[in-house]
Amino acid sequence: MEQITTRVPEEMVEAFEEHATERGVSKSDVIRDVLALGFEYDALRDEHGANIDELLSEYKSNIAELEREVDDLQTELDDIESSHEDDLKKLHSRYEDEIDKLETTVERLENEKRTILSQREENQELVKWAKEEQSLARRREERERRRVQAGLMTKVKWSLFGMPLGESSN
């Protein structure tokens, strides 16, 4: 083998040494492999250079087309979101109106409930009063009936001592 001397940056020397240590080969073996790969790359590039340039151009064209499609889709998505946003605003407004109506109805029903409960209490008091009045009227009628049926002596006794509450007439 022939020896060639060349100068390379220190970082590259460190990379060669590190790679050689990792693979367990000499630094010269690593450098020879790198040079061989470089020659193979150049040969492939010369052989397929036109194809690579064509593929690269097609790749760039595809990327530009995809970017346009993404922009179109984003515009369409924005339009859909805007349309739905308007629909959502309308629904929100409608539901707020409905909620207001329902709250008004609930308030009215609560007022009616309070009124009904108040009337019920008043009615219960009136029923109680009416029963008491009926009871008093029955007692008055009973006392009057007893007075009419009582004898003279009983009437005198009652005028002096008062009429007893019980049923006995003597």
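**Charged pairs, exposure and a pocket**

Reader: What makes the pair of Asp-33 and Arg-23 a salt bridge?
Author: In this predicted model, the closest N and O atoms of Asp-33 and Arg-23 are 3.3 Å apart, and the cut-off for such a contact is 4 Å, so the pair counts as a salt bridge. Side chains of opposite charge can pair when their charged atoms come close.

Reader: Why is this pair said to link distant parts of the chain, and where do Asp-33 and Arg-23 lie?
Author: Asp-33 belongs to helix H2, which covers residues 27–149, whereas Arg-23 belongs to helix H1, and the two residues are ten apart.

Reader: Which class of accessibility do Glu-85 and Lys-89 fall into?
Author: Glu-85 has a relative accessible area of 42% and is partly exposed, while Lys-89 has 52% and is called exposed, because the name "exposed" is given to values over 50%.

Reader: What makes the contact of Arg-108 and Glu-112 a salt bridge, and how many residues apart are they in helix H2?
Author: The N to O distance between these side chains is 2.8 Å, and since that is within 4 Å, the contact is a salt bridge. Arg-108 and Glu-112 are four residues apart in helix H2, so about one helical turn separates them. Arg-108 is partly exposed at 43%, and Glu-112 is partly exposed at 36%.

Reader: How many salt bridges does a search of the whole structure find?
Author: The search finds seven salt bridges, among them the pair of Asp-33 and Arg-23.

Reader: Why is the charged end of Arg-94 said to sit over the ring of Tyr-95?
Author: The charged end of Arg-94 is 5.5 Å from the centre of the ring of Tyr-95, which meets the distance limit of 6 Å, and the description also requires a position within 35 degrees of the ring normal. Pairs between aromatic rings are a separate matter, and the structure holds zero of them.

Reader: How do you know that the span of helix H1 is close to the one expected?
Author: Helix H1, residues 10–23, has 14 residues and reaches 20 Å from its first C-alpha to its last, close to the 20 Å expected at 1.5 Å a residue. The helix is followed by Gly-24, whose phi is positive, near 75°.

Reader: What is known of the volume of the largest pocket, and which residues lie nearest its centre?
Author: The largest pocket has a volume of about 600 Å³ and is lined by 15 residues, of which Ile-4, Thr-6, Ser-28, Ile-31 and Leu-35 lie nearest its centre. The elements that give two or more residues to this lining are H1 and H2, and H2 gives the most, with six residues.

Note on methods
Residues numbered from 1 in each chain as written. Predicted model: local features only at pLDDT ≥ 70, side-chain atom pairs only at ≥ 80, totals over all residues. Heavy atoms only, no water. Phe/Tyr/Trp six-rings, centres within 6.5 Å; stacked < 30°, edge-to-face > 60°. Expected span 1.5 Å × (residues − 1). Buried < 20%, exposed > 50% of the residue type's maximum accessible area, 1.4 Å probe, protein only. 1 Å grid on protein atoms, 1.4 Å probe; cavity = no way out; pocket = protein on both sides within 12 Å on 5 of 7 lines; lining within 4 Å. Points joined across faces, edges and corners; volume = space filled by probe spheres on them.
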